[in-house]
Amino acid sequence: QVQLVESGGGLVQTGESLRLSCAFSGRTFNMYHMGWFRQAPGKEREFVAAITWNGGNTDYTDSVKGRFTISRDNAKNTVTLQMNNLKPEDTAVYYCGADWAGDGTSWYPTQSQSYDYWGQGTQVTVPS
């Protein structure tokens, strides 16, 4: 069973940075694409960023392009989301997801139903 544990959330001011981490355990990390989603109060969970199993491809939602960077370390079984120039609209609970890549199917990183496992989330707050 895969376990995902997010960390690094907090309260920051507009323009500041945070680095979220997701620790993966229980299976072979490099057999999974990884993604970050977020959910603000009263809103649906939305895609933020994703990275393929080998780090060769990434995808971002338009609102974070140029500000957020997703990366992974397959030796340490971690995926990281570096968030710069944070804005109040980035306030949400951020979730890490794992998408099994071993079946060779196409990569659909923006669809939450593609992901097989989720972490418990970490809160990011940027006051307006």
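These legends describe close-up views of a predicted model.

**View 1. The largest nonpolar core.** This core has 29 residues. Those with the most contacts inside it are Met34, Trp36, Val79, Leu81, Met83 and Tyr94. Strands E3 (18-25), E4 (32-39), E5 (46-51), E7 (68-73), E8 (78-83) and E9 (92-100) each supply at least two of its residues. In soluble globular proteins, nonpolar side chains tend to be buried together.

**View 2. The surroundings of Met83.** Leaving aside residues up to four places away in sequence, Met83 touches Glu16, Ser17, Leu18, Leu20, Arg67, Phe68, Tyr94 and Val124.

**View 3. Arg72, a buried charge without a salt bridge.** Arg72 sits in strand E7. The residue is buried, and Asp73, the nearest side chain of opposite charge, is 8.2 Å away. The Arg72 side chain reaches the backbone oxygen of Tyr32 at 2.9 Å. It also reaches the backbone oxygen of Thr52 at 2.9 Å. Among the residues that Arg72 touches are Phe29, His33, Trp53 and Val79.

View 4. Glu46 forms a salt bridge with Arg38, with the closest N and O atoms 2.6 Å apart. Arg38 is buried, at 5% relative accessible area, whereas Glu46 is partly exposed, at 36%. Asp90 also bridges to Arg38, at 2.9 Å. Asp90 lies in the loop between E8 and E9 and Arg38 in strand E4, so this pair ties together parts 52 residues apart in sequence.

**View 5. Asp90 and Arg67.** These side chains meet in a salt bridge at 2.8 Å, N to O. Asp90 is buried at 1% relative accessibility, and Arg67 is buried at 9%. Shared partners join Arg38, Glu46, Arg67 and Asp90 into one salt-bridge network. The whole structure has 4 salt bridges.

How values were computed
Residues are numbered from 1 along each chain as its sequence is written. This is a predicted model: local features need pLDDT of at least 70, side-chain atom pairs count only at pLDDT 80 or more; totals for chains, interfaces and linings use all residues. Side-chain values use heavy atoms; hydrogens and water are left out. A nonpolar core is a set of buried Ala, Val, Leu, Ile, Met, Phe, Trp, Tyr and Cys residues joined through side-chain atoms within 4.5 Å. Buried means under 20% relative accessible area, exposed over 50%, partly exposed in between (1.4 Å probe, protein chains only). Helices (H or I, at least four residues) and strands (E, at least two) are DSSP runs, numbered from the N terminus. Contact means heavy atoms within 4.5 Å. Lys and Arg count as positive and Asp and Glu as negative; His and the chain ends are not counted. A polar contact is a pair of N or O atoms within 3.5 Å; within protein, one must be able to donate a hydrogen and the other to accept it, and residues adjacent in sequence count only if both atoms are side-chain atoms.
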